[in-house]
Amino acid sequence: MQLNKTLLAASIALLSLNAHGAAFQLGEHSAAGLGRAFAGEAAIAEDASVLARNPALMSEFTRNQVSLIASYVKPDVSLKGTGAPSYADASKLDDSSIAPSAIIPAGYMVMPINEQFAFGFGAFSNFGLSTEFADDYAAGQLAGQTEIVTVNMNASLSYKINEQFAIGGGLNYVYADAKIVRHFGTSPLPIPAQTEAARLEGDDYGFGWNLGVSYEPSEGHRFGLHYRSETDIKFAGEYSNQLPAQLGGLQGQSLPGRVEISLPAIAEFSATHQLDQTIALHYSLMWTQWSSFDKLEAFVPGRETPVFHKQENFSNSWRYAIGADYQLNAETKLRAGIAYDKTPADKNHMSISIPDTNRLWLSAGANYQFSDVSSLDLGLSILRGVNRRFSETDNLGQVWQFESEGNAYLFAAQYNLAF
């Protein structure tokens, strides 16, 4: 039984290195925001998606509004092998696309109650990732299939104190589901590379809160500040493998196991300035508390002390964005923005599940007003990452070396309806 516990610990180690080492934050909350690289999001009150970035802005609405969003993410993350153990071919590590495309949906509703109060509800995601490698990938212990999906259901209430100040807060129910599959890979042992070395699947839910404030010193100029708390998640699920009995294989059985993590807190300061009748300027500064990942521990039933403990080296990260709107005519508004997103990953603890890097955002978008009650937003962003070289060691002590390139293309569409 002790050997089985050790195997469970190994599977959790793989999860911690690859799911969290890459920083899996999502920010695709609206197509309108995507068009300006999400600059000014905690200060702009354009549509119901404000609920995700600052619920205090719901106080600016005078009628009910619904916003429905679909964001398409096409990652372009490639790997090149630059070094491998003597019995492996480094060129077999090359992979031109390790992250599949995905569609991220979101929906919001804001309902003013009276001149001071407004209520809102939203369903969106703040964290998620997916990477896939072939079953017989040479460095299979480092990367196979990694999926983390979260859904945040956020109910919020805002209160307009006076013409300048408003506050808002909300409660969040966060559901999370994770799947980690690793294969044995190339080794000096007579075990096929595609042998499943670890499979861990689990889910859980947690609760959090968020609080925002907006300040409008004069017409056309507004500042916003928003904080979203960290959320504790205790993944509970099953662990299994296909290893031979002499290496601790479970012979078709599975073990219960759990690992506790904290989805990090997020704080954002934004401002928007209407410079004249056609041009508006926006900017944002976002902080994410990735340092909350100070350690990762795994537990099995019947034992109070962890069967696995790993100290992490994440640091808090910052994101800077500036953008602008141009009112082309009565129906059409054009948007553009640029942002710089700093990775929280330690350069000495890189991982191939998603080799994270600093990113530059280049964004453009538009809004078309069909009528006084309905409109359509479109947004497009190109993300350019910095190339990085790093090495990673598997559970057998084998050292693999890589060069990574990480870019992405994002497109979003959003429909808004007031009633």
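Q: How many cavities of 30 Å³ or more does a search of the whole structure find?
A: The model is a predicted one. A cavity is a space where a 1.4 Å probe fits but cannot get out. With the threshold set at 30 Å³ or more, the search of the whole structure gives a count of five.

Q: What is the volume of the largest cavity?
A: The largest cavity has 16 lining residues, and those nearest its centre are Asn126, Phe127, Asn152, Val174 and Thr231. By class, the lining comprises seven nonpolar, seven polar and two charged residues. The volume of this cavity is about 130 Å³.

Q: Which element supplies the largest share of the lining of the largest cavity?
A: Three strands each give at least two residues to this lining: β5 (145-160), β6 (165-183) and β7 (196-218). The largest share amounts to three residues, and the element that supplies it is β5.

Q: Which residues lie closest to the centre of the second largest pocket?
A: The second largest pocket has a volume of about 840 Å³. Its lining consists of 37 residues, divided into 10 nonpolar, 15 polar and 12 charged. Closest to the centre of the pocket are Ala45, Glu46, Asp47, Lys333 and Gln369.

Q: Which residues touch the most other members of the largest nonpolar core?
A: The largest nonpolar core holds 18 residues. The elements that give two or more residues to this core are β1 (65-83) and β20 (399-418). The members that touch the most others are Tyr137, Ile352, Trp400 and Phe402.

Q: Which residues does Tyrosine 137 touch, not counting residues up to four places away in sequence?
A: Tyr137 belongs to the largest nonpolar core. With residues up to four places away in sequence left out, the list for Tyrosine 137 is Leu79, Lys92, Leu93, Ala143, Gly185, Thr186, Ile352 and Phe402.

Q: Which element of the protein chain has the lowest mean pLDDT?
A: The protein chain averages a pLDDT of 87, and 89% of the residues score at least 70. Over residues 1-22, however, pLDDT stays under 50. Strand β8 (residues 221-228) has the highest mean among the elements, at 98. The lowest mean, 36, belongs to helix α1 (residues 2-20).

How values were computed
Residues numbered from 1 in each chain as written. Predicted model: local features only at pLDDT ≥ 70, side-chain atom pairs only at ≥ 80, totals over all residues. Heavy atoms only, no water. Core = buried A, V, L, I, M, F, W, Y, C linked by side-chain atoms within 4.5 Å. Buried < 20%, exposed > 50% of the residue type's maximum accessible area, 1.4 Å probe, protein only. Helix = DSSP H or I, 4+ residues; strand = E, 2+ residues; numbered from the N terminus. Contact = heavy atoms within 4.5 Å. pLDDT = per-residue confidence, 0-100. 1 Å grid on protein atoms, 1.4 Å probe; cavity = no way out; pocket = protein on both sides within 12 Å on 5 of 7 lines; lining within 4 Å. Points joined across faces, edges and corners; volume = space filled by probe spheres on them. Nonpolar A, V, L, I, M, F, W, Y, C, P; charged D, E, K, R; others polar.
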